[in-house]
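Me: I'm new to this one and would like a quick tour. Could you take a look and answer a few things for me?

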Amino acid sequence: MKLKFSIQYGTQWGQNLYVVLTYLSIDQTQKTERLMMSTSDGMEWQLETTVLESRKHPISSFSYYYQVEDTDGNVLRKEWNAIPRTYYFDSAKDYVMADLWRDVPLQYHLYSMAYHTTMGLSVDQQVEPLRVPLYRKTILFRVSAPQLQKGQSVAIIGDHPALGSWNVSRYLRMEPIGRFEWLLSVNVDAVLLPIEYKYVIIDDTSHALVAWEEGDNRTTAGLLPADQTMVPDGTVLVAYGENLRVKEHIWRAAGVVIPVFSLRSKQSYGVGDFGDLYRLVDWCAATGMKAIQLLPVNDTTCSKNWSDSYPYNIVSAFALHPHYLDVEAIGVLKNKTKMNTYHRQRQELNALGYSDYEAVDRVKRAYVQELFDEKGQQTLESKEFKAWFAQNQDWLVPYAKWLDSSVGLIYFTQYHLHLQLKAAADYARSKGIFLKGDVPIGVNGDSVETAIHPDYFHLDAQTGAPPDMFSPNGQNWGFPTYNWGIGVVEWFRRRLKWMEQYFDAIRIDHILGFFRIWEIPGDAVFGLLGHFSPSLPMTVGEIEYFGLPFRKDLFTRPFINDRVLDKLFGMHAPYVREHFLMPKSYGLYDLKSDYNTQKKVQQAFEGRTDENSLWIRDGLYRLVSSVLFLEDPIQSGMYHPRIGVIGEPVFEALNAEEKDAFMRLYNNYYYQRHNFFWGAEAIRKLTDVFGSTRMLCCGEDLGMLPDCVAPVLDQLRILSLEIQSMPKQSGYEFAHLDGNPYRSVATISTHDMSPLRLWWSESPERTQRFYVSMLQKQGRAPEQLPAHLAEEIIGRHLYCPSMLCMLSLQDWLAMDGELRSKNVRDERINVPSDPYNRWKYRMHITIEDLLKADKYNNKVRTMIQRSKR
């Protein structure tokens with residue numbers, strides 16, 4: 001039995017095309033081969049391979065995909081393989097596959113679990129290698145039809161009697177093989193090629209032909225060599241028609257964004273939990289929303305204090321946070337006195353206007369411990385737990401060992417967390433509502449992940465973000481950066497597979513990190529001393545090519561003179577000279593070795609909170625970062641211009657000609673030099689990591705955007721994030737909602753921003769400009785945002801072209817004067833520039849009360865229905 005592959009693909013010099021072929025045996029064993037194809041012109045690629053069957057492991061099916069590699073075996077590009085090319089195996093036949101390269105389809109979102117959920121389709125469906133009749137000469141027609149509506153099927157009609165002779169009543173109905181794929185085998189024993197055909201849509205009830213696909217007729221021309229006018233004996237010619245050429249119905253959805261910890265119900269213990277998700281789903285169903293977006297739900301327990309409230313500082317990529325356990329759903333304690341005590345504590349915690357992380361931690365830990373003492377062993381000995389443990393022990397055992405606590409209690413907690421989140425997700429799916437999870441860009445530097453996979457990370461570096469309008473010193477998140485390789489890719493894929501149990505869509509946190517990450521030295525406190533990684537640092541020759549003579553000592557060491565000291569420290573300048581600096585020639589100074597990094601300065605001032613000490617400490621931080629260039633930590637003798645240095649003392653020390661040269665160099669480095677390089681990096685990483693997931697992928701693409709970001713996200717069909725007050729087009733203060741791309745998520749604010757009402761009151765000048773230019777109103781804007789204007793702003797977002805309109809709960813409630821919070825400042829979740837921010841926002845009303853607000857809920861439902869979401 002032979003398999004013959006052919007594909008048209010234009011390669012560059014040094015690139016080769018491979019077929020990755022997997023055989024599945026009847027006993028479920030797999031064998032994978034990677035076979036190089038041949039070409040004579042770099043365009044037409046062929047491969048013929050003989051399949052030798054093992055009597056011990058007879059083959060039941062085979063699947064394959066194409067990939068491009070360089071001469072060193074590095075994979076440069078892979079086909080989209082979320083819908084596998086898989087076929088039933090018949091050892092008596094030869095198969096001929098004449099293929100086209102498969103990119104991510106335009107209708108990618110129709111294959112997603114999110115779409116399946118909202119349309120009431122099964123999310124567990126797989127593509128099955130259906131066994132169909134094979135003849136002496138067979139053409140196997142296959143097509144993908146995600147545009148079909150319920151109660152419709154695909155059929156084929158062609159110009160030959162074997163295909164109905166274009167007679168609409170003689171169509172041949174195809175067989176579904178899962179995931180919108182359709183298959184049909186046709187006997188072409190006496191059929192001369194080529195033949196022309198089209199796919200059509202059939203109504204299952206009336207059996208009537210509903211629609212022809214658009215475009216030219218399809219043809220078998222080119223599937224076989226030009227001199228072959230018939231399919232050879234014993235051959236199966238596979239005609240994979242890619243996507244059905246029918247316009248899909250526009251799918252759009254609206255939803256709510258809220259962290260789990262922010263949910264409030266009468267049953268919760270001072271913090272939102274997975275049980276509260278049921279009630280939130282009921283509210284979404286009542287208002288016509290189709291999506292609930294959450295912040296990360298992973299465990300962040302490290303310090304056991306308020307710093308653990310930061311949901312992106314995860315210690316495990318798989319373990320769920322114990323705070324989100326609905327404790328009483330597991331069981332009630334036998335001791336009624338103890339239960340009364342816990343109920344009193346629950347009332348006290350729920351009476352707070354915020355979520356008290358440390359108090360919740362104490363109460364829930366104590367409750368779960370007592371519950372475990374009563375029924376933990378019974379759970380751990382159950383068949384259900386043992387089956388779950390067998391599937392999850394690869395992450396669960398190291399996680400429990402890393403926590404260095406009661407192993408049984410940890411297993412018990414994680415098992416029930418899984419059961420509760422899975423049940424809540426399935427309940428949401430049953431209502432046509434999908435959960436959207438969050439994939440954090442990093443992990444805690446002291447976590448189970450860095451402990452068991454230290455080779456996956458650069459533990460001597462930190463992740464952050466360059467300076468922006470919110471954080472002039474940049475952001476330092478403290479996460480180690482990734483050492484990208486096969487291990488990291490497989491680790492990410494395992495994370496996504498784990499998330500698919502609960503989520504039908506995901507937010508890819510800081511997706512720019514897959515293009516390039518802002519890497520900060522381990523001895524820095526702020527983000528100013530970072531550089532992009534990967535990047536193309538500059539040689540001395542390149543720097544001087546722009547007209548700037550390179551002086552290493554002056555440009556790479558802190559620039560400190562008396563003028564700088566007097567300006568930074570004022571009356572404290574003499575004290576700083578005496579205690580922290582060493583004089584050198586030309587009136588310059590060096591920092592003493594005990595203070596020559598920001599981390600050393602931070603340690604030296606630990607515990608000193610008086611105003612003078614803080615003033616001096618912050619000034620020393622600035623001195624450390626007062627450099628023009630940063631030497632690359634790996635490639636000695638290569639340099640990165642320090643970001644945001646224009647206007648700093650070291651820049652002002654240059655003469656006019658040198659300043660002009662540096663400006664040209666700086667603009668080239670940050671806005672031109674890396675575009676192609678970062679785009680190629682992102683396509684490879686994002687395809688490797690997210691290319692096979694069935695969750696709808698949405699990127700958080702805010703910040704300093706290279707020009708390559710938009711085309712890469714478009715090519716990979718990843719939804720962008722669009723915020724009207726943060727336009728991506730330079731030179732504009734606000735974006736026009738009508739300009740949002742369809743493949744995007746529209747929102748008003750994120751957890752890192754002020755909610756709508758707070759944003760409105762923060763800057764009257766900016767609000768006035770928004771009021772006049774975007775809302776087209778006359779006169780003076782109200783000082784506080786009235787409910788009717790909030791309703792108008794939300795309505796405009798609902799009607800915009802974006803596929804998803806996801807608004808925070810605070811913003812949804814802004815359009816009701818009675819339901820919204822009285823204190824607008826309590827609604828902010830995070831301040832990115834504050835490393836000590838406490839993540840404690842909680843709904844001010846219960847979900848139960850929200851469900852009773854019929855007038856408001858009906859208004860929201862009407863708005864969503866009228867906007868066709």
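Me: Leaving aside its neighbours within four places in sequence, which residues is Leu804 in contact with?
Reply: Keep in mind that this is a predicted model. Leu804 sits in the largest nonpolar core, which has 246 residues, and together with Trp812 touches the most other members. Its contacts, with neighbours within four places left out, are Trp251, Ala253, Phe434, Leu696, Cys698, Leu719, Ser744, Val745, Ala746 and Arg869.

Me: Which strands stand at the edges of the open sheet?
Reply: Eight strands make up the open sheet, with mixed pairing, in the order E4-E5-E1-E9-E18-E10-E14-E13. Two of them have a single partner strand each, so one side of each is left without a neighbour in the sheet. Those are E4 (38–39) and E13 (175–178).

Me: Are H12 and H15 oblique or roughly parallel to each other?
Reply: Helix H12 (residues 562–569) packs on helix H15 (residues 611–624) with axes 10 Å apart and an angle of about 140 degrees. Roughly antiparallel would take an angle over 145 degrees, and roughly parallel one under 35. The pair is therefore oblique.

Key:
Residues are numbered from 1 along each chain as its sequence is written. This is a predicted model: local features need pLDDT of at least 70, side-chain atom pairs count only at pLDDT 80 or more; totals for chains, interfaces and linings use all residues. Side-chain values use heavy atoms; hydrogens and water are left out. Two strands pair if DSSP finds at least two bridges between them. Helices (H or I, at least four residues) and strands (E, at least two) are DSSP runs, numbered from the N terminus. A nonpolar core is a set of buried Ala, Val, Leu, Ile, Met, Phe, Trp, Tyr and Cys residues joined through side-chain atoms within 4.5 Å. Buried means under 20% relative accessible area, exposed over 50%, partly exposed in between (1.4 Å probe, protein chains only). Contact means heavy atoms within 4.5 Å. Axes are lines fitted to C-alpha atoms, for helices over the stretch in contact, and angles run from 0 to 180 degrees between N-to-C directions. Angles under 35 degrees count as roughly parallel, over 145 as roughly antiparallel, 65 to 115 as roughly perpendicular and the rest as oblique.
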